[in-house]
Amino acid sequence: MQQAEEDNAQKFKRSMKTRHLVMLSLGGVIGTGLFFNTGYIISTTGAAGTLLAYIIGALVVWLVMLSLGELSVAMPETGAFHVYAARYLSPATGYTVAWLYWLTWTVALGSSLTAAGFCMQYWFPQSPVWLWCLIFCVLIFMLNVISSRFFAEGEFWFSVIKVVTILAFIILGAGAMFGFIPLKDGSSAPFFHNLTASGWLPHGGLPILMTMVAVNFAFSGTELIGIAAGETEDPERVLPLAIRTTVARLIIFFIGTVLILAAMIPMDQAGIVKSPFVLVFEKTGIPYAADIFNFVILTAILSAANSGLYASGRMLWSLSNQQTLPRCFARLTRRGIPLVAISVSMLGGLLALLSSVVAPDTVFVALSAISGFAVVAVWLSICASHYFFRRAHLREGKPLSALKYRAPFFPLTPILGFLLCLLACVGLAFDPEQRVALYFGLPFVAICYGAYYFTQLLKKREQNRETHHAAD
């Protein structure tokens, strides 16, 4: 059994370089949350409230990534989060965290495919969303089962396109915002008018709390650096560099982008059925700009779905490798692909088909909320694991200098990160559209804990039975 696990682990080669790691993380983040959820957040909190919500979200991400940096440099492992939680919190918590992260990306995969269907409806208004979901479901699956190297290189170039596009959007959007690029309807440049047109906080401060999970969902994917740590060459050097550059770029991209969106789109025009990015370019006089951007958004969303399937598949592999799932999930193909784990994770794509048939606009928000709740719960575990890891390190008499990367401002970093994530989960209770995440997420957590203790009980009974047989 142990030999089989070692053989499996050896097939995950450390082939990812800094550029792969940074772009994998950016690829996971710049997708459905930014391109679609931002419209929902603007319509809920107003322009100024959206900007404030994203600034708070950026702070949360920075704190979580600092904690993850110290953990992943000290212990670079594939499927890292649940290993840290199992070691420094409890085995049951580690098991639950793994399933929560699997849920994060499997459900995000479903919402991404639904969003891709919305993009296609921009060109083909009469076509059903579920048809495009099915087509993209097959495409994403094929990209993931070819090889890890093909996946990493493909994701790198996907992400390059997204980064260039975001920069182009910020430049062109700022041009339209300040009047350098004329608007299609001949109206004057909005400048910062829309930021305060409905008041600074038209519905008060509560909507900011309510949408914190949606904002965190938009930032989810940065933690993919921890997932890929076990497949990264020279993790001690690469991981801190990837974390610093990723967080810095995300803050620039997200805050800059949200500022343009909030300034260009009145609160009553924002939503999720059409991307707010496309709405902005529809307002400008640039020929075919909206079509071009819709295509880029489509590739960006598919890229995020691609990253999501990678992450969820690796998490099931890691659970199986830790002997908490059947061994079939840990089996790798000759190309080093966990085929069974990826196939089961693709269930999120089927969930997208269901949601797009029932009610694509409302179910999309619910799917995003469930995924957001799960990722915030994982971030909670990262902060808590970091806090107890550092305490254990010092308790064992080891010097801080032995840590190749140390998160600054300890213990403030993990404690503040934990509290802000907890606050985001509380905010879900106040939003009727997102409250379903608690109705689904909390029982899911309880079931995971129950399943862990049940499987451990079965394992002990099996061991006792084998001991009795050996004695006879």
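Predicted model: local features only at pLDDT ≥ 70, side-chain atom pairs only at ≥ 80, totals over all residues.

Guide: Helices are DSSP runs of H or I with at least four residues, strands are runs of E with at least two, and both are numbered from the N terminus. Residues are numbered from 1 along each chain as its sequence is written, and side-chain values use heavy atoms, with hydrogens and water left out.

Start with the backbone of the loop. The peptide bond that runs from Phe410 to Pro411 is cis, and its omega is near 5°. Phe409 also belongs to the loop between α18 and α19. Its phi is near 65°, which is a positive value in a residue other than glycine.

The side chain of Phe409 comes next. Relative accessible area sorts residues into buried (under 20%), exposed (over 50%) and partly exposed (in between), with a 1.4 Å probe and protein chains only. Phe409 has 56% and is therefore exposed. Trp62 has 31%, so this residue is partly exposed.

These two residues are also ring partners. Rings of Phe, Tyr and Trp (its six-membered ring) pair if their centres lie within 6.5 Å; planes under 30 degrees apart count as stacked, over 60 as edge-to-face, and the rest as tilted. The structure holds eleven aromatic pairs. One of them joins Trp62 to Phe409, with 6.4 Å from centre to centre and 55° between the planes, a tilted pair. It links distant parts of the chain, since Trp62 sits in helix α4 and Phe409 in the loop between α18 (360–395) and α19 (412–428), 347 residues apart.

Tyr88 and Phe389 have ring centres 5.4 Å apart and planes at 80°, so they are edge-to-face. Tyr88 is in helix α5 (residues 80–88) and Phe389 in helix α18, so parts 301 residues apart in sequence are tied together. Phe389 is buried, at 6% relative accessibility.

Contact means heavy atoms within 4.5 Å. Apart from neighbours within four places in sequence, Glu70 is in contact with His386, Phe389, Arg390, Leu403, Tyr405, Arg406 and Ala407. Glu70 is buried, at a relative accessible area of 0%. From C-alpha to C-alpha, Glu70 and Leu239 are 9.3 Å apart in space, although 169 residues separate them in sequence.

Axes are lines fitted to C-alpha atoms, for helices over the stretch in contact, with angles from 0 to 180 degrees between N-to-C directions. The axes of α4 and α19 come within 9 Å and cross at roughly 135°. Angles under 35 degrees count as roughly parallel, over 145 as roughly antiparallel, 65 to 115 as roughly perpendicular and the rest as oblique. Therefore α4 and α19 are oblique to each other.

On the α4 side, Leu59, Val60, Leu63, Val64, Leu66 and Ser67 meet Thr413, Pro414, Leu416, Gly417, Leu420 and Cys421 of α19. Ala, Val, Leu, Ile, Met, Phe, Trp, Tyr, Cys and Pro count as nonpolar, Asp, Glu, Lys and Arg as charged, and the others, Gly among them, as polar. By these classes, the contact of α4 with α19 has nine nonpolar, three polar and no charged residues.
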